[in-house]
Structures are given as C-alpha cells and as structure tokens.
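Morning, everyone. Please look at the sequence and the model on the screen while I talk.

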Amino acid sequence: MLTIIGGSASTYLAYEIARVGGFSTLPIISRVFPDGERYVRILGNVEGMRIAVIQSMYRSPDSYLIEFLLITHTLKELGAKEIIGVIPYFPYARQDTRFNSGEAVSLNIISHLIENSGIDKIITIDMHLHRYSSVSEIFRIPAENLTAMEEIARYLTDNYDLRDPVIIGPDEESEQWAKKVASIIKCDYDILEKRRISAEEVEIVPREVNVKGRDVVIVDDIISTGGTMAEAIKMLLKLGAKRVIGACTHAILAGEALGKIYRAGAYDLIATNTVPSPISVVSIAGLLVRTLKGYE
Ligand code: R5P
C-alpha cells in the first residue's frame with residue numbers, strides 16, 4: 001500500500017490525494033533555521049515502504065527543491081522500498097536551452113538533481129515541454145507527464161453555460177491543450193501566434209479568428225506574469241468574442257498577473273490546484289490517484 005508525504009508546497013494537495021485514494025499519510029517536520037538552511041525529519045519507520053512525495057515547485061522553487069531533495073534522499077537512506085516523486089508543477093522547464101551564450105541550461109541541471117535524489121519514478125502534470133516531445137527524453141528514470149486538460153474541460157462544461165464555444169491556444173505550443181479540451185467539449189479550436197518581447201511582455205500577432213458573438217476559452221499550461229493571457233483576451237474581444245474565459249493548469253500568477261488579466265476583460269479565470277491560488281478551482285487529486293493506483 002502506498003503512503004503519501006506532502007512537502008510544504010503541497011501539504012493540502014497531499015491530504016486531498018490521500019483522502020481521495022484512501023492512502024495513509026506520513027508526517028514530517030520541515031522548518032527553516034534562522035540562517036536560512038532547511039531542516040527535515042521523517043516521523044516514522046519507512047523501511048520497506050512505497051512512498052509518494054508530493055511537492056509542486058512553484059513561486060519559491062529553490063526552497064521547495066531543496067526540501068524535496070532532503071526528504072527523498074533521507075527516505076532512500078532509511079530503507080524505503082520505492083519512492084515516487086510527484087512534482088505537479090515542474091520548475092525551470094522553460095530554460096531548456098542556452099538562449100544566450102554562458103547561460104545555464106537549468107532544466108538539465110534541475111532534472112538531474114531530481115532523478116538522482118533516490119526516487120524511482122517521477123510524475124509531472126502539463127510540464128512545459130517546448131523542445132522535447134516527451135519527458136522520457138529528459139529523465140533517465142521512468143517518468144510520466146499527465147495532462148489536466150480533461151479535468152479543465154469537465155469543469156468548464158459543468159460550470160459555464162457555454163454558447164457556441166471555441167477553444168483558443170494563445171501560441172503554437174498550446175495547440176495540444178486547445179485540441180484536447182475542444183475534443184472533450186466537442187467544439188472548434190484554433191491557435192494564435194505569439195511573439196515574446198521580454199519575460200514580462202508578449203505580443204499577439206493580429207489575425208482573423210472566428211470568434212464573433214461566441215464564448216471563447218483560452219487554454220494554456222502556465223499563467224506566469226499574465227502577459228500572454230491578457231494580450232490574447234484583448235485581441236479576442238476586439239474580434240467580437242462574447243465572453244472570454246482563461247484556463248490554465250499552473251496558476252503561478254507572478255506579480256500583478258490577476259489584475260492584468262481581469263483588466264484585459266476576462267469574464268472568468270480558472271486553474272487547477274497544482275499551484276494554490278484564488279483561481280485554483282479544478283482539482284487534479286483524482287488524476288494523480290488514478291495514476292498512483294495504476295502502479296500498484
Ligand atoms: C509559454 O510558452 C507558456 O506556454 C505560457 O504561455 C507562458 O509561460 C505564460 O507566461 P506569461 O503569463 O508570463 O505570459
């Protein structure tokens with residue numbers, strides 16, 4: 001039987017997974033010393049146990065990463081039989097190449113640290129895979145990248161009376177998610193073209209999209225600064241969309257993201273609970289439970 005440990009980034013999500021899946025939980029002590037160093041203690045005997053460690057690495061990824069490494073290495077040293085690392089939001093994925101000379105290819109460095117931390121398997125959700133077609137090209141241990149788009153599509157149909165809907169991906173990469181959501185809702189989808197000017201600024205290339213008088217849902221993996229969502233919303237409203245709802249898996253919501261998107265005219269915004277936030281209304285606990293049970 002699997003036991004769940006929640007890192008401090010995902011304490012509540014870990015309890016939800018345990019409750020939905022009927023798994024037991026194992027407590028840990030995790031705190032920060034006055035000098036900023038992390039202290040971790042596993043409370044209980046883990047010898048021979050199968051354990052899933054849940055830690056979504058959002059907003060303060062460095063601190064959550066260190067805590068995760070301390071937990072998983074310790075579980076391994078204490079004789080856990082199998083350790084599954086569940087990292088719903090996997091950080092540093094967007095720095096997957098050396099865009100400018102001298103830059104760290106962060107994704108490679110972070111993924112090596114994680115796969116060498118004593119874990120046997122890794123699960124992520126809608127990991128930002130730009131130059132990779134699968135997570136197995138990144139990790140040398142078994143890895144699974146789940147998608148939350150089915151959960152998002154179900155939430156949209158259950159909670160909005162969508163009229164003549166169309167699903168829009170704000171850029172080329174988001175076509176996979178727009179297509180998936182559209183296939184579940186059984187409606188059209190299209191994508192926009194985005195040019196990134198800086199980390200904070202994006203431009204959506206103007207073009208005709210058939211949204212006049214229709215309900216539009218924009219789907220993406222991440223809302224970070226909100227620039228992508230805000231610019232896409234402005235353009236779709238200009239083209240005559242009736243209501244525009246923004247949906248994403250990971251609501252990072254850096255800085256003023258929420259204000260920026262609502263000011264752009266969003267009718268509503270939804271996200272999953274991979275990252276806790278005021279818009280994280282779609283739970284991915286069931287998706288993770290089904291996957292974890294599949295390994296039993
Ligand atoms: C980028 O390609 C991603 O899929 C998202 O569109 C992007 O990370 C969103 O970032 P922001 O909210 O800062 O525009």
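Which element gives the most to the shell around the ligand? Strand 13 does, with four residues. Strands here are DSSP runs of E, at least two residues; helices are runs of H or I, at least four; both are numbered from the N terminus.

Some ground rules. This is a predicted model, where local features need pLDDT of at least 70, side-chain atom pairs count only at pLDDT 80 or more, and totals for chains, interfaces and linings use all residues. Residues are numbered from 1 along each chain as its sequence is written, and side-chain values use heavy atoms, with hydrogens and water left out.

Back to the ligand. There are 15 residues around the ligand. To count as near, a residue needs a heavy atom within 4 Å. Asp220, Asp221, Ser224, Thr225 and Thr228 come nearest. By type, the shell has two nonpolar, six polar and seven charged residues. Charged means Asp, Glu, Lys and Arg; nonpolar means Ala, Val, Leu, Ile, Met, Phe, Trp, Tyr, Cys and Pro; the others, Gly among them, are polar.

Now the polar contacts, meaning pairs of N or O atoms within 3.5 Å. Thr228 puts a polar side-chain atom 2.5 Å from a ligand oxygen. Gly226 uses a polar backbone atom, 2.8 Å from a ligand oxygen. For Arg94, a polar side-chain atom lies 2.9 Å from an oxygen of the ligand.

Last topic: salt bridges. We require a side-chain nitrogen of Lys or Arg within 4 Å of a carboxyl oxygen of Asp or Glu. The whole structure has 17. In one of them, Arg50 pairs with Glu82, with the closest N and O atoms 2.7 Å apart. That pair links distant parts of the chain: Arg50 is in strand 5, Glu82 in strand 6, 32 residues apart.

Definitions and conventions. A polar contact is a pair of N or O atoms within 3.5 Å; within protein, one must be able to donate a hydrogen and the other to accept it, and residues adjacent in sequence count only if both atoms are side-chain atoms.
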